[in-house]
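Me: I'd like to go through how some of the labels on this model were reached. Could you take a look with me?

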Amino acid sequence: MSLPNRYAPMAQRAAPFEASANWAFVGISLFVLYYGFALLVTPVLTVWAYSPRIVDNPDMADAFYSGSTPLAVRWNLALFAVYAALLWGILRLLHRVALGALVGQPATALYAGVKVAVYLIPLYIVALGPSLSDPTVYQQMDVATWLAILPLTLPLLLVQIGAEELVFRGYLQSHMAALSRNPLVWMVIPSVLFGLIHYDGTQPPYSTWAYVVWAMGLGLVCADVTARHGTLGPAIAIHFINNFFAMFVLAADDWLYGASLYVWPTGGLPWDPWVPFETLFLLSVWLATRLAIRR
């Protein structure tokens, strides 16, 4: 397949899907991932929610669904392993492709991921500085307790972001690249879908769609660097560093904040982003990542 020079590595990523690429398989895969997760997880959560222990202690259920304790955060993150398992089945049955093939050359991916992380961590620290100085922000645990939580929780964060990267940048992007040589197809469509999974209908429209568009932007950044580098290493690093700071350093108190060192009280108010800052920040993440991978 012929691609723009900057995206030449995508030809190798698309190669395992050349023989079996089919738009119908894309639709089937999305159906299986969405409804398969619901089919497997919903009955388990329902039985758990109606168990005597939870009925007698409803605060435990509230903690799980809001992610207000370290244990609840771990369980929420661990559930993403279901998506990885479903994707493994899809790859084996429809494409005869191994899950690990979606990552790319392991050593190359790991080296790039570590390098990208080194570039991004200072950027996120600088960006969070003003927020940490907000007088409403509070420290919910001491540093020693927080550090003790991380060894049990960070691997599960990798499960969460890894599952999403394998699905969107690993499978969908590579599969669609085997179906179309147009980068707008295999970059934009998975990024739009990635944004839509962040849709939250309980929030006001502006907040809801601002978050969806922001996630689409993050998806495009990850899609671009994946196509340039040829492995998932850079995208995994971006996603991991982003979620680490959002869940473990400074988290809003509306969801998955139980393992965060600092908490930002929302007062029940929806997210109200300043669009120029969010746009500039995503651009900075993209440029820093490109500097790291030299592509």
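Me: What is serine 260 in contact with, leaving aside its neighbours within four places in sequence?

Reply: In this predicted model, serine 260 is in contact with Gln140, Met141, Trp146, Met247, Phe248, Val249, Leu250 and Ala251. Contact here stands for heavy atoms within 4.5 Å.

Me: Why is serine 260 called buried?

Reply: Buried means under 20% relative accessible area. Serine 260 has a value of 0%, so it is called buried. As for its place in the chain, serine 260 sits in the loop between β2 (250–252) and β3 (262–264).

Me: Happy with that! Now the second largest pocket: which residues are closest to its centre?

Reply: The pocket holds about 380 Å³ of space. Of its 15 lining residues, Trp48, Met60, Phe64, Leu71 and Trp75 are the closest to the centre.

Me: How many residues of each class are in that lining?

Reply: There are 12 nonpolar, 2 polar and 1 charged residues. Met, Phe, Leu and Trp all count as nonpolar.

Me: Which helix gives the largest share of the lining?

Reply: That is α2, with 4 residues. α2 (23–49), α3 (52–56), α4 (58–66) and α5 (70–78) each supply at least two.

Terms used. Residues numbered from 1 in each chain as written. Predicted model: local features only at pLDDT ≥ 70, side-chain atom pairs only at ≥ 80, totals over all residues. Heavy atoms only, no water. Buried < 20%, exposed > 50% of the residue type's maximum accessible area, 1.4 Å probe, protein only. 1 Å grid on protein atoms, 1.4 Å probe; cavity = no way out; pocket = protein on both sides within 12 Å on 5 of 7 lines; lining within 4 Å. Points joined across faces, edges and corners; volume = space filled by probe spheres on them.
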